[in-house]
Amino acid sequence: MRVWESQRICTSCRAFQNAPMHPILLVIVAVSLYAVIDGLAKVMVHDMDVMQIIWSRFAFALPLLPFIVGRRWRELSRTDRPGLQFARGLIPIVAGISIVVALRVMPLADATALMFVSPLMLTALAVPLLKERVGLHRWSAVIVGFLGVLVIVRPGGSTMQWAALLPLLTAFLYALYQIATRVLSRNTPPLVTFAYMVVVGTAGSTLALPFVWRTPDALGWAMMAASGLLHGLAHYLVTRAFALAPATILAPFNYAQLIGATAFGYALFGDLPDRWTIVGALVIVAAGLYVAYRERRLARLSGTPAHRSS
């Protein structure tokens with residue numbers, strides 16, 4: 001799901017044409033790591049405070065920054081919107097809190113399926129916030145996708161849980177996160193937005209630590225470290241992938257996270273989605289794939305960046 005935050009249209013895709021499988025593999029690896037990260041959070045949330053888990057995602061990713069930035073430190077000053085960078089860096093903290101709280105009581109695959117409504121929310125929010133035009137086909141896909149959400153949540157039924165609203169909140173926040181990324185990507189290198197995300201996330205979550213800290217055992221420390229390192233690595237892989245290929249090419253492979261979440265959830269917790277969750281997830285995925293298809297088709301016909309087509 002977090003893969004959408006780096007959807008920056010590349011102006012030249014020669015690298016993608018020469019090695020088309022490379023960025024696709026980067027996306028698949030990244031979203032698989034996200035499934036593992038959420039699975040670790042579902043384990044840790046029973047022994048640690050939610051904010052401590054969120055802090056570990058950023059704090060243990062921080063040591064990766066020197067290796068990722070390398071000699072390009074001067075690029076980190078290349079942003080003309082520091083306020084928006086700061087606000088964008090805070091969104092993953094709130095989004096992380098909402099999904100980790102949900103994972104306390106929800107199966108991993110169910111929560112992941114609901115979060116995949118984020119691209120559809122992005123399509124809807126792009127109209128008022130980015131002044132993009134969205135045609136009838138994409139609006140229809142958005143409506144169908146939200147019907148898939150209703151299939152999973154089943155309002156009024158015995159399976160309806162308040163926790164089911166939390167992955168939807170996470171999806172909404174990441175739609176806002178991607179919109180901020182689109183605005184920033186017009187004049188800011190992806191490396192800068194990545195660095196701001198890690199630094200702001202670490203600083204913001206650290207403020208809560210004195211009030212929630214529970215000293216973990218050796219296994220807890222290992223899971224916290226793994227969560228942070230994988231989080232940083234996944235975000236970096238996403239950044240690299242979307243620098244090599246257009247978002248409309250890579251977007252369909254986001255849904256590999258559903259496979260990873262289902263497999264990891266079953267292996268670790270014995271959870272398998274019920275038939276209604278599977279049906280709802282398929283509807284959401286189909287709607288998201290259709291949106292990606294329309295963007296790619298219209299971009300090819302018009303010769304304009306996909307995110308600005310209708």
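**Figure 1. A polar contact between the side chains of Arg88 and Tyr177.** In this predicted model, the side chains of Arg88 and Tyr177 meet in a polar contact of 3.2 Å. Arg88 belongs to helix H5, which covers residues 82-103, while Tyr177 belongs to helix H9, covering residues 165-185. With a relative accessible area of 1%, Arg88 is buried, because that value is under 20%. Tyr177 is buried too.

Figure 2. Six aromatic pairs are counted in the model. In one of them, the ring centres of Tyr174 and Tyr177 are 5.5 Å apart and the planes meet at 75°, so the pair is edge-to-face; the angle that qualifies is one over 60 degrees. The two tyrosines are three residues apart in helix H9, which means that about one helical turn separates them. Both Tyr174 and Tyr177 are buried.

**Figure 3. Trp213 and Trp221, a tilted pair in an aromatic cluster.** The rings of Trp213 and Trp221 also form an aromatic pair, with 5.6 Å from centre to centre and 50° between the planes, and this one is tilted. Where does the cluster extend from here? Ring pairs link Trp213 and Trp221 with Trp55 and Phe60. Trp213 has 32% relative accessibility and so counts as partly exposed. Trp221, with a relative accessible area of 35%, is likewise partly exposed.

Figure 4. Is Ile97 buried or partly exposed? Its relative accessibility is 28%, so Ile97 counts as partly exposed. Leaving aside residues up to four places away in sequence, Ile97 touches Val50, Met51 and Ile54. Ile53 is 44 residues from Ile97 along the chain, and the C-alpha atoms of these two isoleucines are separated by 8.7 Å.

Figure 5. Phe194 is found in helix H10, which runs over residues 190-206. At 4% relative accessibility, Phe194 counts as buried. Which residues does Phe194 touch, not counting those up to four places away in sequence? They are Leu65, Ile68, Gly232, His235, Tyr236 and Thr239. Between Phe194 and Val69 there are 9.7 Å in space, C-alpha to C-alpha, and the two are 125 residues apart in sequence.

Figure 6. Now for a look at the surface. Ile143, Leu147 and Leu150 form a nonpolar patch here, and together they have about 290 Å² of accessible area. Leu150 lies in helix H8, which spans residues 136-153. With 46% relative accessibility, Leu150 counts as partly exposed, because the value falls between 20% and 50%.

**Figure 7. The protein chain as the setting for these close-ups.** The chain has 15 helices and zero strands. Of its 310 residues, 55% are buried. Among contacts between residues at least 6 apart in sequence, 89% join residues at least 24 apart.

Key: Residues numbered from 1 in each chain as written. Predicted model: local features only at pLDDT ≥ 70, side-chain atom pairs only at ≥ 80, totals over all residues. Heavy atoms only, no water. Helix = DSSP H or I, 4+ residues; strand = E, 2+ residues; numbered from the N terminus. Buried < 20%, exposed > 50% of the residue type's maximum accessible area, 1.4 Å probe, protein only. Polar contact = N/O pair within 3.5 Å; in protein donor to acceptor, adjacent residues only side chain to side chain. Contact = heavy atoms within 4.5 Å. Patch = residues over 30% accessible without salt bridge, like charges linked within 9 Å, V, L, I, M, F, W, Y side chains within 5 Å. Areas by Shrake-Rupley, 256 points an atom, 1.4 Å probe, with all protein chains shown as cover. Salt bridge = Lys/Arg side-chain N within 4 Å of Asp/Glu carboxyl O. Phe/Tyr/Trp six-rings, centres within 6.5 Å; stacked < 30°, edge-to-face > 60°.
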